[in-house]
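Trainee: Could you walk me through reading a model like this one?

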Amino acid sequence: MAIIERPAASPATTPEYVTPSASMGFLRRPVETTGWKSWAFTVDHKKIGIMYGVVAMLFFFVGGLEAVLIRAQLAQADGTILSADKYNQMFTMHATTMIFLFVMPMAAAFANYMIPLQIGARDVAFPRLNALSLWTFVFGGIFLNTSWILGGAADGGWFMYAPNSSVPFSPTNGVDFWVLGLLITGIASQVGAINLIVTVLNMRAPGMKLMRMPIFTWMAFVVQMLLLFAIPVITVALFLLMFQRNFGATFFSVEEGADPLLWQHLFWIFGHPEVYIIVLPAFGIISEVLPTFARKPLFGYPFVVFSGAAIGFVGFGVWAHHMFAAGLGPISVAVFSVATMAIAVPTGVKIINWTLTLWGGKLWFTTAMLFAIGLIVQFTIGGLSGVTHAVAPSDTQQTDTYYIVAHFHYVIFGGAVLGLFSGIYYWWPKIFGKLLNESWGRANFWFMIVGMNLTFGPMHIIGLQGQPRRMYVWTENRAGEGFFNLGFWNLVSSIGTVILAIGALLFLVNVWVSRKNPPAPADPWDARSLEWITTSPPKEHNFDRTPTVHALDEFFHRKYEDVGENGQHDYKKVATGEEVIAEEEAHADAHIHLPSPSYWPIVLALSMPILAYGVIYSTLLIVAGAAIAILALFGWALEPPTAPDDDFDPPSPDGGEPSKELVANV
Amino acid sequence: MESASTVTNMSRRVRIGLAVGLAAIVAGCAQDAPQDTWDPAGENAQMIQDLQWPVFAIAGVVGVIVLSVVAFVIVRFRDRGQAMPEQTHGKPALEIALTILPALILIGVAIPTVGTLMALNDTSDTECVVNVTGQQWWWEIDYPTQDGCGDGISAPIVTSGQMVIPTDTNVLVRGTSRDVIHSWWIPRLNGKRDMVPGRVHTVKLQADEPGIYAGQCTEFCGLSHANMRMEVIAMEPADFEAWKAKQLSDYQPPEPDTLAAAGESTFIAQCSRCHQVDGLEDADGEPVIARPDLQVYSGAAPNLSWFTTRNTFAGATWDLLIPECRAEVWDAPSDEVGQKYLEGVSPECLNSVDLREWLRNAPAKKPMYADPEQLEATDGLVRGMPNLALSEDQIDELVAYLLERQ
Amino acid sequence: MFTTGSKLLIGSAVLAVVSAIAYGTTQDGVMGTIGLVSAAIALAVLAGVNVYTRDSNVWADEISSVETAPAAAPAPGNSIWPMVFAVGALALTVGLVTYQAVFIIGIVILLIGGAEWTAQAWAERASAEASYNSEVRSRIANPLEFPVGAAVGIGIVVYAFSRVMLWLSKTNTVVAFSVVGSIIIAFAFLVAYRPGLRSKATAGVVAVAVVALIAGGAAAGVDGEREIKEHETTAGLEEEGEEICESPEEFEADEKASQSVAATANVAAEITLTEDGELTFDVPGPVEAGATALSLPRSNPNNVIFINESSEHRRLSVDLGTRLEELDEGEEEVPYRVCTTLVDEGGAQNITLIVGAPSAAFPDGYSFFVPGVESAHLELVVP
């Protein structure tokens, strides 16, 4: 919605009248500012970020349910809760949902909401493209999950190795749903990556050099660069598989001379950067949270930035450590083993920097801070177990066992998820204008920590004692003697899952209980970065005037002045957060243009599942989907990004209704 | 700001709790887990263990240091109303040092890693070659004609599920797969190696002592991946010669007019389309050659010539021995294991429950794709053993016949 | 209410429908009926659009606008699209009775012409100002024109280039490619480092080059490809059976990426024909001591690489006993052979052997042999 303020300093309100001009005679824009239409057709990065987060959280619980079922099946020997077929579908979808439909979109939620605020922009570079990303993700996720009721979900594992993924070995449509669903959500990520890269490079506030950017924006930027180069690789792999399954190609047919390792290479060239895509946003979040609650700046900001970039870079060079047992030959394995050890170094740098950030600080243990410290502890454990399988010969014992499952759950849950929850608690007052309840938050945290350690800790033991992964049953015959045998630890792990699930539900309880909280102050945490120089929640146009940035931690420097002498630093508070915000409001811009909502992103997004269903079921749907896509693209191209100013003029005094025909705009 | 002290007290309590728990965990590991990766029984697994435990120790030490520092920081620097802390932006020298230190540790780890890797891949000292072929959801093991493996193998031996090797011999497993990717893993003898269709990979096995070493397929291969197991039985060279002699001996048809003789005809009628018994002749005296490539999508089925010389079946998923007899063999002391194994499966020790259930309706017992209505994707060929609708009498006959295959 | 143009189109649509019905019921041609029905639909759509926009008649919707229309309302400008549209209609009709290709070209021209005509007419109604109108036309039509035009243009250039490359001899193509590539690079450098270069000059040069390329492509395409040897693949040879696999002559080795050695690692075996005419084999890991035969698992996609170190073109053949062949008279046991194509001296080729029956099924077992080299014999054991 374009907002035009006539007198200065009046709070921006949405105009009561909009008379959208019809572009080219028949295409109008949506005009609603409230109700469901204002959400469905919005291009506002904040609304889009919130929708990303809500849908991602929904999928978190879907994936969590799948996990609970898996652990219920494995709590006892020769379990009967899930059949072999259902179990295989369950673990495939658990991983796919958690990775592609929860962690990545939740990180995108934060990136979408926070990056423009942190760099002092009013929106992202391509707002309609942003909306397209969101809706493509939503429809792709729904499409993927309709497989449950349409003949069975994918059952080849989230890594979907060939040739098991070919039609003779996976005869149901489940794999097709998986392939097409990931192609659709891949579009969302790829397009979002381009959008955010351009935003970060081009739309920073004056004075914000790259090394003055908030650290979360930096990490999110590295993530977008990773996405930009990794998503095309999996897209290629998925296209090869789709053509193999649906159009008779023979990319992975061994009788025709194919090498199944092709899929593994393609998948892991994407798959390894993917895990950094998963964890770096959480690293960025806690790099914001820890300094705020330690009352000191991030220790070694340049080191954290460069180590993030190094992780991104080197992350493309270690993919075959997922293939140490795949028969690559000792030279390749040695090279990748050493490279994998190398990548532990920049990660270690971060842990050191976070700990040193806390050192000498004045630690305030809010829930966000608890989650951030939890990340440091849990990720250290996960990272160290990762180092143990960088050693390739050891990895031939550990890979494909529960030891690996333990490792990646510690780094994904203990790393990415705890970081995301830290961000949720930290930025909730800014986004929704209310604080989340601290007592419920602490309960949420402790249940999650205890639950996660009880669930994934024993998996280290189970794995080293020889229980492979991806098995729908385990037997007494292989469980060993003694009380603390595999049976015991499997049971402990399953009980831990229940505690973890309760922890997750406590988050929902907290959200519910906090909905009637009093409005939160604009700066509840005495924070340091630019996004806090806004109201809570921010106004639609974010900043009344684009702030000029003089230093890293700009907000901090506006509140605290260094009155020390002779090289000594002594910071005195000279302004509260509210005063800084008021100062900005006093100099509000007179005329603010925002991008206008549009139908086309959601229409284009809608064409994709139709196309996908067509590939599986009927060529007619392919034609229909393609037609809708072409029409949507055409309509999008015809529509200007922002509605013209005249749309917001009041109707003419003689009351004549503006004509529906083309208006001569001389 | 509220309850900061309670939180940190909780933190401290939890830290102590975690430490105690860790100790309990380490102390409480399973005894004799058959697939324990920290209990090497051969030189290859030993090489891996010699590399693995120091790395674990280093990782453990680093972990304890980091977690202790974090615990210290949480307690020492919590908000007690102190003044605004010094706004340190970093100490480059310290950071560079703390970057170089882990790098040096990792270089120290990398060098023996590469050495062990090369040693594990050195196959020049091979004394015995065994071929392994993975298939959904069982392992075929065949011994090609060669001079090694003790006193040599004069003709190919084909079996499934259990690989018998002589102790103190460098065995080279040469493996591949007929359909999807599987993985051969005997944890106490060596790490795993993927068995990829169209490719051949090698992995060394060597056992110091006689014993039964359990393993499992460790690359997801479809519906019954969990039911695809195998064992390696290492026995003294003398016992191994006896085993070979048995496997290479001639077929002994059952005595006429016995249940087993009826079983032989039932076998020819019902089973020999897929399962090979070497030396079996039909009523006309023609050798019966099984052609599973015409029935099974992946093209092969287990060779049952000496079925009851081994003690697991159906992808080593079920025992052929009742629990008491099983314990006698599996838990036998190392000087008796070979002899006990060579005794095979006696009628008193036979686990007829599982065997009969399998013969009655195999797909109901082990998930497989053998339903004739649902074989469109594989041109009507099954993946696994179908339900042959055998009568109880036929099952009796077959069990009697199979008991004589030793 | 209905303008002249609408009346024409409605009439044509009705005529097309009637013709379609008449043609369909009397004649036997499916294509013709489809063509007429398509024409009917197309004309009906255009008629509908025309009625909606009420093209070209101001007094069709508002009598009062006769008085209030701007004095300087321009007449519709010159337009080529009606003529293009007519050409398309002609091609469509002619194609119905001659070649299908012409019919399809007619439909394409109709679509393009119709779209452009509609866009132009629409734009001309936007205002009285010609420059604004052309901007509107661009706004509507460019999102469609540019991608489609670019795709078509690139397609034509690439296709023309491919025809030229297929026409030149093998060595000459290398020369041509290098020369053209160097010219392009040189030209790019020129353009980059001399900004003063007149854009008209560059455009002219590029236009000439493209026209030359297309003309050359057309000429080469008409003249035909150079003589390219037909290369059999090993899969094809398997079906030829005994005649080929026992013959040391005929087809050259080449083609089919699946048989190319470079892409294959960790093969089941490498079989080498030595200079002395012996077949030796190597497998991953050491060959088991005392092994004289190659052992391969049954029903397994075994990749075997044949390396020819002799001084003649040779093929590797595998004697796999017999197999049941379905003939018109019934089934027959025929000899079963598979082989590679002839491999150059020093060359290599891959063959994927899937053997269903064990070697014990045949009295002579299985063996590798090289037709023309008596001493080359290697037993194959499939247990």
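**Reading the chains and their contacts**

Mentor: Let us begin with burial: of the 383 residues in chain C, 34% are buried, where buried means under 20% relative accessible area, exposed over 50%, and partly exposed in between (1.4 Å probe, protein chains only). Please keep in mind that this is a predicted model, in which local features need pLDDT of at least 70 and side-chain atom pairs count only at pLDDT 80 or more, while totals for chains, interfaces and linings use all residues. Residues are numbered from 1 along each chain as its sequence is written, chains are lettered from A and ligands numbered from 1 in the order in which they are written, and side-chain values use heavy atoms, with hydrogens and water left out.

Trainee: How many helices and strands does chain C have?

Mentor: Chain C has 10 helices and 9 strands; these are DSSP runs numbered from the N terminus, with helices being H or I of at least four residues and strands E of at least two. Its accessible surface is about 22,100 Å², and carbon and sulfur atoms hold 64% of that. Areas of this kind come from the Shrake-Rupley method with a 1.4 Å probe, and for residues only the protein chains shown count as cover.

Trainee: Which residues form the nonpolar patch on the surface?

Mentor: The general idea is to join residues with over 30% relative accessible area and no salt bridge: nonpolar side chains (Val, Leu, Ile, Met, Phe, Trp, Tyr) within 5 Å, and like charges within 9 Å. Here the patch consists of L144(C), V148(C), V152(C), I156(C), V206(C), V210(C) and I214(C), with about 520 Å² of accessible area together. Helices α6 (130–167) and α8 (199–223) of chain C each give at least two of its residues, and α6(C) has the largest share with 4. V206(C) sits in helix α8 of chain C and is partly exposed, at 41% relative accessible area.

Trainee: What about chain B, and how many helices and strands are there?

Mentor: Chain B has 10 helices and 12 strands. Its radius of gyration is 28 Å, well over the 22 Å that the globule rule gives for 406 residues, so chain B is more spread out than a compact globule. That radius is taken over C-alpha atoms, and the rule is 2.2 Å times the number of residues to the power 0.38. Along the principal axes, the C-alpha atoms of chain B fill a box of roughly 100 × 50 × 45 Å. Buried residues are 56% of the 406 in this chain.

Trainee: How should I read an interface, and what area do chain B and chain C bury between them?

Mentor: The size of an interface is often given as the accessible area lost when the parts come together. Chain B and chain C bury about 2,100 Å² between them, with 55% of it on carbon and sulfur atoms; the figure is the accessible area (1.4 Å probe) that two parts lose on being put together, summed over both. On the chain B side, R174(B), G198(B) and V200(B) lose the most area to chain C, together 23% of what that side buries. In terms of contacts (heavy atoms within 4.5 Å), 31 residues of chain B meet 27 residues of chain C.

Trainee: How many salt bridges does the rule find across that interface?

Mentor: Side chains of opposite charge can pair when their charged atoms come close. The rule asks for a side-chain nitrogen of Lys or Arg within 4 Å of a carboxyl oxygen of Asp or Glu, and it finds 2 salt bridges across the interface of chain B and chain C. R174(B) pairs with E288(C), their closest N and O atoms being 3.0 Å apart.

Trainee: Which salt bridges could I look at inside the chains, and are D319(B) and R326(B) buried or exposed?

Mentor: D319(B) and R326(B) form one at 3.0 Å, N to O, and both residues are buried. In chain C, R137(C) and E116(C) pair with their closest N and O atoms 2.8 Å apart. R137(C) lies in helix α6 and E116(C) in helix α5 (residues 100–124) of chain C, so the pair ties together parts that are 21 residues apart in sequence.

Trainee: And where is I311(A)?

Mentor: I311(A) is in helix α8 (residues 301–314) of chain A and is buried, with a relative accessible area of 1%. Leaving aside neighbours within four places in sequence, I311(A) is in contact with Y276(A), I343(A), P346(A), T347(A) and K350(A).
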